[in-house]
Amino acid sequence: LGRRFMAIQADLSQQEALSGIVTQTVAAFGRVDILVNNAGTIRRQDALDFSEKDWDDVMNLNLKSVFFLSQAVARQFLVQGNGGKIINIASMLSFQGGIRVPSYTASKSGVLGITRLLANEWAAQGINVNAIAPGYMATNNTQQLREDSTRNQQIVDRIPAGRWGTPDDLQGPVVFLASQASDYINGYTLAVDGGWLAR
């Protein structure tokens, strides 16, 4: 496509790395237009046995980094003076409780809430903050579930579309929320779930 690309490697669970991402991007490209907060992790364990480390590891990456990277990018948007797009990756567990994933559920519920808050504060500056809530996606986060034939079948049977989602299913919604077509959409979390939440 003739586009330029630059990879920046950073540990997003450590807040010190975040400002450098924006600085390096602006140095290379002159500006920032779109942020997709996609980094995330999950820990599975019964709530009675869940450790503080597993709580903190998930919350720091899934929620804390979303807020502080958004803050750093929004500051750059304001310097540039013509707004920008922030797209957070939420989850069905932004709407539901789930089981055996307490910190993941808390973090993704927080993503939905922080998306609304940031939209409330920044929409007037032309900064659109929205989120996408993927359903059951065929990724490494769900490998254990897909390998359990009984659980896999239970999940597929409940999805009206009759299949696991793929990363390709998220491309259109991300492009839409990153484009001018969504300029009057603020603080919304769009479910991309094959109809799971409609059941």
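1. Contact here means heavy atoms within 4.5 Å. Of the contacts in the protein chain with a separation of 6 or more, 71% are between residues 24 or more positions apart.

2. This is a predicted model, in which local features need pLDDT of at least 70 and side-chain atom pairs count only at pLDDT 80 or more, while totals for chains, interfaces and linings use all residues. Residues are numbered from 1 along each chain as its sequence is written, and side-chain values use heavy atoms, with hydrogens and water left out.

3. The protein chain has six helices and four strands; these are DSSP runs, numbered from the N terminus, with helices being H or I of at least four residues and strands E of at least two. From the N terminus the order is α-β-α-β-α-β-α-α-α-β.

4. On overall dimensions, a compact globule of 199 residues would have a radius of gyration near 16 Å, and the 17 Å of the protein chain agrees with that. The radius is taken over C-alpha atoms, and the globule rule is 2.2 Å times the number of residues to the power 0.38. Along the principal axes, the C-alpha atoms fill a box of roughly 50 × 35 × 35 Å.

5. Buried residues are 40% of the 199 in the protein chain. Buried means under 20% relative accessible area, exposed over 50%, and partly exposed in between (1.4 Å probe, protein chains only).

6. Helix α1 covers residues 18–29, and its twelve residues should span 16 Å at 1.5 Å a residue; the end C-alpha atoms are 17 Å apart, which agrees. The expected span is 1.5 Å times one less than the number of residues.

7. Leu18, Ile21, Val22 and Thr25 of α1 are buried. Seen down the axis of α1, the buried residues fall within an arc of 90°, so they line one face of the helix; the arc is that of the directions from the helix axis to the C-beta atoms. An α-helix has 3.6 residues a turn, so residues three or four places apart point the same way. Helix α2 (52–80) is included in what covers the buried residues of α1. Thr23 and Ala27 are exposed, on the face turned away from the buried side of α1. Just after α1, Gly30 has a positive phi of about 90°.

8. Ser103 belongs to helix α3 (residues 102–122) and counts as buried because its relative accessibility is 0%. Leaving out residues up to four places away in sequence, Ser103 touches Phe50, Asp54, Trp55, Val58 and Met59. The Ser103 side chain reaches the backbone oxygen of Asp54 at 3.5 Å.

Notes: A polar contact is a pair of N or O atoms within 3.5 Å; within protein, one must be able to donate a hydrogen and the other to accept it, and residues adjacent in sequence count only if both atoms are side-chain atoms.
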